[in-house]
Amino acid sequence: MKHAVCAADELPADGVLPATVDGIAVVIVRTATGELHALRDICPHQGALLSKGSLEAAVDGPSVGVYELSDTRMILRCPWHGYEFDVDTGRCLADASSRVRTYPVTVEDGMVVVER
Amino acid sequence: MATDLDQRPFDIGALDPRTAVIDVDVHEQFQSLNDLLPYLDDHWKRYIVDYGWRGVPKESPYGVPSTGGNTRLDWKPEGGVVRASTLELMRSQLFDGEGVSLAILNGMFHISSMTGWYEFATAVASAYNDWQIEYWLEPEPRLRGSVHVVAHDPSAAAREIDRVGGHPQIVQVFLPTVTDREYGDPFYRPIFEAAVRNDLVVTLHHGNETKTTLGYPRYFVEWHNAIPHANMCQLTSIIFNGVFDALPELKLVILETGGSWLPHYMWRADQQYRGLRLEVPWVKRMPSEHVRSSVRVATQPFDEMSRKHFEMLIDQMGSDELLMVSTDYPHFDADSPLRNLPGGLPDELLEKIRFRNALATFPKLR
């Protein structure tokens, strides 16, 4: 079922917005390139609100001592312990067995719409 | 009894897994440094014969509080013979006395703890390796051995690994657990690469050079109790500097630290990695996954625990393939390989710990 969450222009240009969708805490993410993502707003570790964390570019390392900051892959870092979650897949970058639920999100008629 | 095994081909595959014991921590010793002279160039011989070099200086302040010193009392030879210095002693005390089928030699020769003069140290390491092969390995087919290297000159260490690593009875590279440098540093990577290309594991073992985070504490018991922590630090360095990611075929064996620390170690390292991964993005797997696929530990000295707690420990490790039995022959606190674990364990588990896990760990035992 689709739920209108807020007006699209209420979203920060490059940041997050906490919302409630059908009684569930969801964090809406808009990246600098304009992509939208919606994730459950609870860290699976100890339940912190991911919307209180930071939106950052993911970093990869092809070999020891080499850092490559992604142009496209963004992560939400939990405000409590720094766990990183891919905003597109919800997957924890360190632990493939841990992930945050994601939801389809679009803009329809100027409104941010989350499907749940 | 065992001497008639000289020259007889030894077939590991013919061992009965129900009773076979592979002891992964055995220490051979020379009578004196003079044993190495035939394997040294004349220039380096002078330092021992004429200039009085007496071996790697011992820095730690301790003596083992036992009338056997660091030797198990029932293995202390008579008549001034140096412990663990002859095949006859090892055959009667270890193979016959303890029911060991195959033993891996680790020496008592921590040349990597030398902090300089690497050309000389490298020559002595090569001499030791040649002596080990000629004096121990070739006369006794039930023995396997180590490449001793000067770790702080990694390119020379790699050359030595390539030089003797192809011997059919050499199965590992030996590194003492130094505590002033970290083996995960890319500086040391040539050693691990050389081990892998020669189908050798890398083995860590503490020695006099190993310090605790408090340095050398006031008493031996304090120092001995803290040994696992030093190995944990080196393991952490190796994991977070991406050694296992770069060399997934590598096996790291940690000796003489028991195994009960592993669950704690894996839980904590995983938790740290989940939160701090971005600092070490070249690490692609959880530390516990690296441990389960690449790290094995020897049992001795094994913490005393009930069968219930031992089975809980295996469950917490998430694998029954991490432990390998060891005696630490001939040291003062050596374990019996057949009596060191709680009674009543399943035969399948005992076969793994005493035999199958070592076979799976050392490529050259297969």
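This is a predicted model: local features need pLDDT of at least 70, side-chain atom pairs count only at pLDDT 80 or more; totals for chains, interfaces and linings use all residues.
The buried residues of helix α9 in chain B are B:L262, B:P263, B:Y265, B:M266, B:A269, B:D270, B:Y273 and B:G275.

A quick check on the helix itself. Helix α9 of chain B has 15 residues, 262-276, and at 1.5 Å a residue it should span 21 Å. The C-alpha atoms at its ends are 20 Å apart, which agrees.

Now to the contact between the two chains. Chain A gives 18 residues to it and chain B gives 14. On the chain B side, the residues that lose the most area to chain A are B:R274, B:R277 and B:W282, which together make up 43% of what that side buries.

How is the size of an interface often given? As the accessible area lost when the parts come together. For chain B and chain A, that area is about 1,400 Å², with 55% of it on carbon and sulfur atoms.

Next, the polar side of this contact. Seven residue pairs are in polar contact between chain B and chain A, counting pairs with both residues at pLDDT 80 or more. Helix α9 of chain B supplies four residues, the largest share of the side of chain B that touches chain A. Sorted by class, that side of chain B has six nonpolar, three polar and five charged residues.

Side chains of opposite charge can pair when their charged atoms come close. How many salt bridges are there between chain B and chain A? The count is three. One of the salt bridges in the model joins B:K284 and A:D60, at 2.4 Å from N to O.

Over all chains, the count comes to 22 salt bridges. Among them is the pair A:E84 and B:R277, whose closest N and O atoms are 2.7 Å apart. Why does this pair join two chains? Because A:E84 lies in strand β7 (residues 84-86) of chain A, while B:R277 lies in the loop between α9 and α10 of chain B. Are these two residues buried or exposed? A:E84 has a relative accessible area of 1%, so it is buried. B:R277 is at 5%, so it counts as buried too.

Two other salt bridges lie within chain B. B:E140 and B:R142 meet at 3.1 Å, N to O, and both residues are buried. B:E351 and B:R356 meet at 3.2 Å, N to O.

My last stop is one residue in helix α10 of chain B, namely B:H290. B:H290 has a relative accessible area of 1%, so it is buried. Which residues is B:H290 in contact with, leaving aside neighbours within four places in sequence? They are B:I239, B:F244, B:D245, B:V283, B:R285 and B:V295. As for B:K251, it sits 39 residues from B:H290 along the chain, and the C-alpha atoms of the two are separated by 9.9 Å.

Note on methods
Residues are numbered from 1 along each chain as its sequence is written. Chains are lettered from A and ligands numbered from 1 in the order in which they are written. Side-chain values use heavy atoms; hydrogens and water are left out. The expected span of a helix is 1.5 Å times one less than its number of residues. Buried means under 20% relative accessible area, exposed over 50%, partly exposed in between (1.4 Å probe, protein chains only). Contact means heavy atoms within 4.5 Å. Buried area is the accessible area (1.4 Å probe) that two parts lose on being put together, summed over both. A salt bridge is a side-chain nitrogen of Lys or Arg within 4 Å of a carboxyl oxygen of Asp or Glu. A polar contact is a pair of N or O atoms within 3.5 Å; within protein, one must be able to donate a hydrogen and the other to accept it, and residues adjacent in sequence count only if both atoms are side-chain atoms. Ala, Val, Leu, Ile, Met, Phe, Trp, Tyr, Cys and Pro count as nonpolar, Asp, Glu, Lys and Arg as charged, and the others, Gly among them, as polar.
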